[in-house]
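Okay, thanks for coming, everyone. Let me put the structure up and then walk you through a few spots on it.

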Amino acid sequence: AHNFATSSILDRSKIFAIFLAIYVAVFLLPILICLMADGTFGGAKWVAVLTPLWIWDVFILFYHTRVIMMGPIKRPEHIPEEEWVDPLPMKKRVSALVRFVFLVLFQVLLALKMDAIIAFPWWAVFIPLYFWEVMALKKKISLTMINIVTHAELELAIGKNFAACNAFEREDIHRRFILVPAKSGPVYDAACRIKAEAKMDVVRILARVVFTVLMVLNLDLGKEWSWWIVFIPIFVMVVCIVGSSFQNWVEVQAEAAKRDPSLFDQTADVEQGYAQMDEDTKNDDDQPLTDEEKEELKTKVAQAAYRVLGTCCTQCFFLVLLCVLVGKMQGAGYSWLVIISPFLAAGGLVLCCLACTIFCVSEVDENAGLADFDTRVNEATAAAGYGATYDGGDYTLPTTEQAGQQQQQQEQQSVPSSSTDARAAETKPISKPPPTATWDPEKGEIWQNTTQDEEDEETTNEVISAPKQEKTDLLDNIEDAQPAVVDPQLSEASEDFDLD
């Protein structure tokens, strides 16, 4: 981050040029096609206009070739040989290359047909596209027929242990089954989503095939059907996608309500609970759901709802673009660029945000804030009369006499406050824990949890009472020892002297 903040304008321009090149590479081909359809290029050839497409095809063909020449993937050392399965077998690589070759062949035939270089009918031009769709349909149908099983169910189905299978058998097992640790949990949910997405892909492929057939018939036979009729399979496909998303949400919600009826009905009737008591007694082994399981059910329902919302938004946006496209094909007067204008605007907005981020980031001087803080502190302390340094302004430091007077005033103000604080500290009551007492038949009442002050007071009372008792006993002994006859002289002398 520091290097980027201190980089020069030239370095930042290079970074921005990378994002600009990506934007141009993505939107150059659609812009050229729309301009060619509007007649902007005059008598230009489609083969020349589709040059970016040919470049993309060359790169992708090179990628598929490299993947095939890479050979089998080596087994990692931490995986046993009997459990290793090549995630990208050679058959799958060759199939992907052949399928892409069919797509490239269709693109070449279409460009040549639109330039009137070849005189093939439209159904012949679309033959490679049919093969491309058939190969994809075969793959998706196999995914829809796949079985989701656990390891125990798999070994029961194949009749032997999975570790005893050879490489070809394991490859066939991975093509026919999806292994999950249990029939519940995130892994099982992901496997179910794979099957559901495969079913929707089958619907999409069938819709595209029907649409292509209707379009070829309209072009070759010259029926001049309305393009709204030709695009009916696409509209049906959109409805099926939205309906499948809603169905998935309803199924997830029903499953959650079955496992936890109180999830959506917090005020369930008591009578309903009594009605289900017999059924609950039959399932004594069923454990009640924990808080974590309930939160997991709520999360699944929420995710299904979010998917429904996202699917509805995307399909509505697709329908708008589709209607604009069909309207243009029916003879509307707006440009073909209107169809891709939302994508151009979104990409341009992202590009502007990246430009602002790249060119507006600057290094923050950490010492600048500290210097300003120190300056303000010096100003405040100097204004208060303390001996702080002050670097700026018209402020004049106080003289020695003024500083002494200010110090005396501060001392006079601080003395009463300190004495007041001392008195408050002396008179502050000390909180004592409440004492408790128990009764002992031999010792009497015994106090517990008494504070140290109370114990000291009791000890002091005992110490004081002991001399008093001794003095009383001594006086009693003196009175007992006095004679019955008293000398008058002693009695008179006792009046003059106070023996006490």
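**Surface, burial and a few residues**

So, the accessible surface of the chain is about 35,900 Å², and 62% of that belongs to carbon and sulfur atoms. Accessible areas here are Shrake-Rupley with a 1.4 Å probe, and for residues only the protein chains shown count as cover.

Quick housekeeping: this is a predicted model, so local features need pLDDT of at least 70, side-chain atom pairs count only at pLDDT 80 or more, and totals for chains, interfaces and linings use all residues. Residues are numbered from 1 along each chain as its sequence is written, and side-chain values use heavy atoms, with hydrogens and water left out.

Overall, we've got 20 helices and 4 strands in the chain. Those are DSSP runs numbered from the N terminus: H or I with at least four residues for helices, E with at least two for strands. Of the 500 residues, 20% count as buried. Buried is under 20% relative accessible area, exposed is over 50%, and partly exposed is in between, with the 1.4 Å probe and protein chains only. As for contacts, meaning heavy atoms within 4.5 Å, take the ones between residues at least 6 apart in sequence: 60% of them join residues at least 24 apart.

Now, patches. These are made of residues with over 30% relative accessible area and no salt bridge, joining like charges within 9 Å, or nonpolar side chains (Val, Leu, Ile, Met, Phe, Trp, Tyr) within 5 Å. A salt bridge is a side-chain nitrogen of Lys or Arg within 4 Å of a carboxyl oxygen of Asp or Glu.

The nonpolar one on the surface is Ile 15, Ile 18, Phe 19, Ile 22 and Val 26, with about 420 Å² of accessible area together. Phe 19 sits in helix 2, residues 9–37, and counts as partly exposed because its relative accessible area is 33%.

Then there's a negative surface patch: Asp 291, Glu 292, Glu 293, Glu 295 and Glu 296. Asp and Glu count as negative, Lys and Arg as positive, and His and the chain ends aren't counted. Each charge is placed at NZ of Lys, CZ of Arg, CG of Asp or CD of Glu. Glu 295 belongs to helix 15, residues 291–329, and at 46% relative accessibility it's partly exposed.

Last stop: Thr 150, in the loop between strand 1 (147–149) and helix 8 (151–158). Buried or exposed, would you say, for Thr 150? Buried, because its relative accessible area is 13%. Leaving out residues up to four places away in sequence, Thr 150 touches Leu 179, Val 180, Pro 181, Ala 182 and Lys 183.
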